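Subject: Structure handover

Hello,

Here is the structure we talked about. Please load it first, then read the notes below.

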Amino acid sequence: PTFRIATIPGDGVGREVVDAGRAVLDEAARLTGGAFALDWQELPWGSAYYGETGRMMPEDGLEVLKGFDAVYFGAVGWPGVPDHVSLWGLRLAICQGFDQWANVRPVRFHPGVTSPLRKADDTELDWVVVRENSEGEYAGLGGRNLSARTGGEVAVQSSLFTEVGCERIMRFAFDLARTRTTKKVTSVTKSNAQQYGMVLWDDVFRRVAGDYPDVETESVLVDAMAARFVLSPENLSVVVASNLNADILSDLGSALAGSLGLAASANLNPERRYPSMFEPVHGSAPDIAGTGVANPIGAILSGALMLDHLGQPAAAEAVRTAVDAVTASGTLPRDLGGTATTADVTAATVAALGET
Ligand code: NAI
Ligand code: MG
């Protein structure tokens, strides 16, 4: 089949890493000898588009995207456009508009990459953070107003937790755990302080766990979990957390693996009613944008997650193997302590694909 992919490079290094990912995925497709092909259509949405039109994407943007098999996304955010405008106007608009309620963020060691966590050569780290991606702290509920009582402004930002929302992300996490060597789900909570939403979260976790007696479970407070990520990451497998908690923990996780530039993610609509979206975890990195040194690995591995989603697991695995071969060989971008450019890492990955 030919899959129709909408690419939204967005801002800053988004452009650079999306181009890198496309080159690698096209080669992976070519090497299957025609088993599948990728038909890319690029959409020029983002902060520059906002400068011209006052919107991050056209009013009918979701209608346009609906016809695609998947969305391949770079990053949004650029000085001059408030970050909450760029994020809500594009990335969150797509995630929420397409009910991409499961955000999957794998974290693992890469050969040849120094991690602050790697204690000995045989230490392994391999988790998946499963992020609730539709509600919680990013439900967008609240407002700002002048307060007659205190003077000045007051802002309210509410979290929304629904039983349906908690249950579906937890079932997703348990189903994923069943496919892994270590069948375990760790729930991240803060129910000691957040006595409504997080207590509902815990209740649903306990109930869903009852349906998966073969999967080990534990529940850990988010602050303790941050310490646990650093001090004893070995005994984690699937980590399920609310929108904000998982956002923070997965950046920590990717830094522990070596760099934010390595981290991949999938925003899934598991029912497949709408396209899913694949993007590196990092942002637009204005500090290095345009200099050609961005690490493309997070975007490339997000592309591998997209191939998994499109039913091409062999090609996806080939991409992951090629990335490992490249890091093992010492072709490392600057954020991993090397001197390879974005183009160097991309070319090396394309070459390694041919050798797998
Ligand atoms: P960031 O992820 O863009 O950058 C944080 C640090 O990591 C910077 O030092 C940057 O140079 C480095 N970095 C990021 N990606 C890298 C890569 N591929 N290779 C090498 N180094 C890399 O986060 P920051 O600085 O907090 O935000 C910058 C902009 O990105 C903001 O406008 C923010 O709103 C936006 N953002 C967008 C996201 C998205 O589109 N999903 C996610 C996070 C931030
Ligand atoms: Mg984040």
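Glycine 210 counts as exposed, because it has 8 C-beta neighbours inside 10 Å, and the exposed class takes 12 or fewer. Please keep in mind that this is a predicted model. Glycine 210 sits in the loop that runs between α6 (197-209) and β9 (216-221). Its C-alpha is 47 Å from that of glycine 338, and the two glycines are 128 residues apart in sequence.

Now take another glycine. Is glycine 10 buried or exposed? Glycine 10 has 29 other C-beta atoms within 10 Å, so it is buried; the cut-off for that class is 20 or more. Glycine 10 belongs to strand β1 (residues 2-10). Which residues does glycine 10 touch, leaving out those up to four places away in sequence? They are Gly46, Phe73, Gly74, Ala75, Val76, Leu90 and Ser284. For alanine 75, the C-alpha separation from glycine 10 is 5.3 Å, across 65 residues of chain.

Next, helix α1, residues 13-31. It has 19 residues. From first C-alpha to last it reaches 27 Å, close to the 27 Å expected at 1.5 Å a residue. Buried positions in α1 include Val13, Gly14, Val17, Val18, Gly21 and Leu25. Charged side chains are on the buried list too: Glu16, Arg22 and Glu27. Just after α1, glycine 33 takes a positive phi of about 70°.

Helix α1 has a partner in α11 (residues 342-355). The two axes come within 10 Å and cross at roughly 10°. The helices are therefore roughly parallel to each other; the limit for that label is under 35 degrees. On the α1 side, the contact uses Glu16, Ala20, Ala23, Val24, Glu27, Ala28 and Leu31. On the α11 side, it uses Thr342, Thr346, Thr349, Val350, Leu353 and Gly354. By class, this contact has seven nonpolar, four polar and two charged residues. Among its α1 members, Glu16, Ala20, Val24, Glu27 and Ala28 are also buried.

On to the domains. The assignment for the protein chain gives domain 1 as 1-110 + 260-356 and domain 2 as 115-257. Their centres, taken over C-alpha atoms, are 24 Å apart. The contact between them takes 21 residues from domain 1 and 24 residues from domain 2. On the domain 1 side, α4 (83-97) and β4 (102-108) each supply at least two residues. Which element gives the largest share of that side? It is β4, with seven residues. The domain 1 side divides into 13 nonpolar, five polar and three charged residues.

Last, two backbone angles to check. Most residues other than glycine have a negative phi. Aspartate 99 has a positive phi of about 45° although it is not a glycine. Aspartate 99 lies in the loop between α4 and β4. With 16 other C-beta atoms within 10 Å, aspartate 99 is partly exposed. Arginine 272 also has a positive phi, near 60°. Its place is in the loop between β11 (264-268) and β12 (276-280). Arginine 272 counts as exposed because it has 10 C-beta neighbours inside 10 Å.

Best wishes

How values were computed. Residues numbered from 1 in each chain as written. Chains lettered and ligands numbered in written order. Predicted model: local features only at pLDDT ≥ 70, side-chain atom pairs only at ≥ 80, totals over all residues. Helix = DSSP H or I, 4+ residues; strand = E, 2+ residues; numbered from the N terminus. Expected span 1.5 Å × (residues − 1). Axes fitted to C-alpha atoms, helices over the stretch in contact; angles between N-to-C directions. Parallel < 35°, antiparallel > 145°, perpendicular 65-115°, else oblique. Contact = placed C-beta atoms within 7 Å. Domains from an automatic or database assignment.
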